[in-house]
Amino acid sequence: MASLTELSFNWLGFISAMISNISFTYRSIYSKKAMTDMDSTNLYAYLSIFALNVCIPPAIIIEGPQLLQNGFNDVIAKVGLTKFITYLFWVGMFYHLYNQVATNTLERVAPLTHAVGNVLKRVFVIGFSIVVFGNKISTETGIGTCIAIAGVSIYSYIKTKMEEEKRKTITA
């Protein structure tokens, strides 16, 4: 709902995002189970190697020729080779660090808490784009963002209450 009125909205992108959300959730659940045998850093390394092996062949087959022919050449012509490599390095580095922090966080919290934090992160990104880039939001986008914030708030409140009840029953 928060992105439905975006100019670049399309259903294929929306469905892909929903598949990504479901995949993220399953990855978190199974990663948490796998952390009984190894720590989060090793798990992240194995997941990264596996993901690379799964994603590289289709990427080369589907996008490879077009990327080499048009993509890289156009970008290099526009910004230069050194700047392109520098940007590529920093994007990769920050994405790696983001995922490493997410995996380390998952080691310390429940998968559901991790998923709720991911929702809150997306709301933050929307808010950041509004403040920093001056993006205008529609009523639907505002409602969707408020629903997400309310959901996170309710979850946090209920989780806190449940933890307080556990502590009371343990000390009683």
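**View 1. Transmembrane regions from the UniProt record.** The unreviewed UniProt entry lists "transmembrane region" for residues 12-30, 42-61, 81-98, 119-135 and 141-158. The model shown is predicted. Two of these spans are described in the next view.

**View 2. Residues 12-30 and residues 81-98.** Residues 12-30 are 100% helix and 0% strand. Their end C-alpha atoms lie 27 Å apart. Residues 81-98 are likewise 100% helix, with 0% strand. Here the end C-alpha atoms are 26 Å apart. The UniProt record lists both spans under "transmembrane region".

**View 3. Contacts and buried area between domain 1 and domain 2.** Eight residues of domain 1 contact five residues of domain 2. About 570 Å² is buried between the two domains. Carbon and sulfur atoms give 72% of that area. On the domain 1 side, Phe24, Tyr98 and Leu106 lose the most area to domain 2. Together these three residues account for 60% of what the domain 1 side buries.

**View 4. Polar links and make-up of the domain 1 side.** Zero salt bridges are counted between domain 1 and domain 2. One residue pair is in polar contact across the interface, both residues at pLDDT 80 or more. Helix 1 (11-34) and helix 4 (81-108) are the elements that each give two or more residues to the side of domain 1 touching domain 2. The residues of that side comprise five nonpolar, two polar and one charged.

Notes. Residues are numbered from 1 along each chain as its sequence is written. This is a predicted model: local features need pLDDT of at least 70, side-chain atom pairs count only at pLDDT 80 or more; totals for chains, interfaces and linings use all residues. Side-chain values use heavy atoms; hydrogens and water are left out. Contact means heavy atoms within 4.5 Å. Buried area is the accessible area (1.4 Å probe) that two parts lose on being put together, summed over both. A salt bridge is a side-chain nitrogen of Lys or Arg within 4 Å of a carboxyl oxygen of Asp or Glu. A polar contact is a pair of N or O atoms within 3.5 Å; within protein, one must be able to donate a hydrogen and the other to accept it, and residues adjacent in sequence count only if both atoms are side-chain atoms. Helices (H or I, at least four residues) and strands (E, at least two) are DSSP runs, numbered from the N terminus. Ala, Val, Leu, Ile, Met, Phe, Trp, Tyr, Cys and Pro count as nonpolar, Asp, Glu, Lys and Arg as charged, and the others, Gly among them, as polar. UniProt positions are given in the numbering used here, feature names are shortened, and annotations may be inferred rather than shown by experiment.
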